[in-house]
Amino acid sequence: MSRVIFENVGKKYGKMWALREFSARFEPGETVSVIGPNGSGKTTMIKCLLGLVHTTTGTIKVNGELVGPDPKYRHHVGHMPQISRFPNELKIGQLIDLMDDIRGKDQGRAEGPLVHDLGVDAMMDKRLGTLSGGQRQKVSAVLAFRYEPKVIVLDEPTAGLDPLSSEILLKAVRDIKRTGCTVLITSHLMEEVEALADRVAYLQDGALQFLLPPEDILSVTGESRLSKGIPAMLINHTRSHVESL
Amino acid sequence: MWKVYKYTLIDLARNKFVGGWMLLLLAISLGLFQLEDQPVKAMLSLSQVLLALVPLVTSVFSIVYLYDTMEFTELLAVQPLRRSKILGGQMLALGTAMVLGILLGAGIPLMIFLPNGASLTLLLACIMLTLVFVAIGALIAIKNREKARGVGLGLVVWFLFVLVYDAVLLWVMFAFSDYPIEPWIVPLAALDPIDLGRIMVLLKVDLAAMMGYSGAVYEKFFGNLRGILIALVALTAWVAVPASFAFRGFRRKDL
């Protein structure tokens with residue numbers, strides 16, 4: 001059974017559809033790169049999955065549980081947002097304690113994936129309000145990977161991270177995938193997409209244009225790199241759409 | 001809910017604004033008690049200041065705090081937590097922090113210089129007004145996406161309650177003074193929480209000259225103790241109604 005199922009999901013803000021008739025299935029142990037231009041509906045799609053935004057049409061299931069008012073399904077979900085802001089006066093250690101409390105996990109602050117690798121264990125007594133953007137991203141990454149998620153959503157995860165930390169994070173993505181976790185990752189960096197994605201979902205104007213493995217995109221377009229393959233794919237897609245009219 | 005409450009309270013305890021609020025209240029209270037030779041007079045002056053200042057500071061701070069922690073609220077909302085528990089924890093923590101500010105800043109001087117029922121009633125009125133304006137602030141922050149608009153709306157609401165509504169009520173009373181409008185004044189005064197707070201305090205102080213028309217009506221209709229209790233019930237409704245709208249709005253809100 002698929003880990004994440006979107007069925008005909010739509011989201012309307014006022015008169016504008018930010019996401020239209022989005023249907024897709026994401027499997028266990030699969031990494032899907034969600035790409036598209038700014039305002040294409042990527043964030044809306046992710047927010048619908050996380051329950052931050054209420055869908056106008058359709059349903060979403062995570063691990064067989066319906067995304068709705070019952071927050072139980074979120075026990076299996078990890079999320080690393082693009083920009084994180086935390087209460088200024090709390091310390092990193094206290095934030096981790098709070099999340100452990102909420103998740104009902106009784107593990108030491110300094111335990112768990114990425115805590116040591118990203119150097120977060122050395123910053124436990126630092127106030128969250130004093131952190132740089134990159135340090136906040138590290139804390140976010142630790143929280144996203146901490147509770148053995150079955151679905152992990154990473155929104156531009158390496159933006160703001162130094163090259164070494166980016167590499168550590170990407171390795172963690174590959175490792176967690178091997179445990180059967182479904183990884184949804186948005187990124188504007190095609191090298192990242194090429195390195196990680198089993199399939200690429202391309203969204204434009206709120207609609208899914210295609211959801212294909214990178215190899216298929218390259219073979220259909222005859223290109224050798226995704227950075228060229230995806231624009232070529234879009235041109236083909238538009239042309240065939242026009243011809244079908 | 002208690003987990004969110006606890007950590008929000010830790011954050012608020014270190015917040016400079018909350019500490020500043022307490023010190024400001026302490027300075028005003030001590031100043032007034034030092035200036036006036038009669039503690040009752042100082043308490044009455046203090047009540048005028050508190051009944052105007054508490055709603056203003058509480059609503060503006062609640063609105064600003066909830067906007068500033070919006071991304072953190074999003075982080076909490078993707079955890080296995082019901083939204084009502086997130087907002088409940090945050091509102092309770094805001095209420096606790098602001099009430100503690102009042103108890104330490106104004107409560108201690110009041111209990112030192114005038115330890116009587118009137119001082120306790122003033123503190124009770126301030127506590128209720130704090131809870132009312134945390135609820136109103138939360139409702140405003142949830143219903144408006146822009147911080148500046150939210151703060152502006154908070155100021156407008158405060159201005160309406162502290163000045164405009166009173167003026168309108170006074171005008172109604174004068175305009176219809178030939179008619180038996182007293183029974184109408186009871187529910188009309190209850191539509192302004194700040195008025196309710198003022199009525200509570202002045203009923204206890206028992207200074208008819210300072211009670212104002214609506215206070216006199218409350219005393220006439222209900223007597224002192226019953227009047228205070230009725231005002232307290234009305235203030236509780238003033239907490240419950242905006243809070244329930246805030247919870248409903250937050251449950252349906254796209255974050």
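Residues are numbered from 1 along each chain as its sequence is written, while chains are lettered from A and ligands numbered from 1 in the order in which they are written. Because the model is predicted, local features need pLDDT of at least 70 and side-chain atom pairs count only at pLDDT 80 or more, whereas totals for chains, interfaces and linings use all residues.

Reader: In what order do the 4 strands of the open sheet in chain A stand?

Author: Helices (H or I, at least four residues) and strands (E, at least two) are DSSP runs numbered from the N terminus, and two strands pair if DSSP finds at least two bridges between them. The pairing in this sheet is antiparallel, and the order is β2-β1-β4-β5.

Reader: Why is one side of β2 and of β5 of chain A left without a neighbour in the sheet?

Author: β2 (16-26) and β5 (65-66) of chain A stand at the edges. For β5(A), 2 antiparallel bridges join it to β4 (residues 57-62), and A:Val62 stands opposite A:Glu65 in β5(A). One side of each edge strand is left without a neighbour because each has a single partner strand.

Reader: Which helix supplies the largest share of the side of chain A that touches chain B?

Author: Counting two residues as in contact if their C-beta atoms, placed from the backbone, lie within 7 Å, 24 residues of chain A are in contact with 19 residues of chain B. β6 (77-80) and α2 (92-103) of chain A each supply at least two residues of that side of chain A. The largest share, 6 residues, comes from α2(A).

Reader: Is B:Pro80 buried or exposed, or in between?

Author: B:Pro80 lies in the loop between α4 (70-77) and α5 (83-113) of chain B, and its contacts include A:Pro71 and A:His75. A residue is buried if 20 or more other C-beta atoms, placed from the backbone, lie within 10 Å of its own, exposed if 12 or fewer, and partly exposed in between. With 16 other C-beta atoms within 10 Å, B:Pro80 is therefore partly exposed.

Note on methods: Lists of a residue's contacts leave out its neighbours within four places in sequence.
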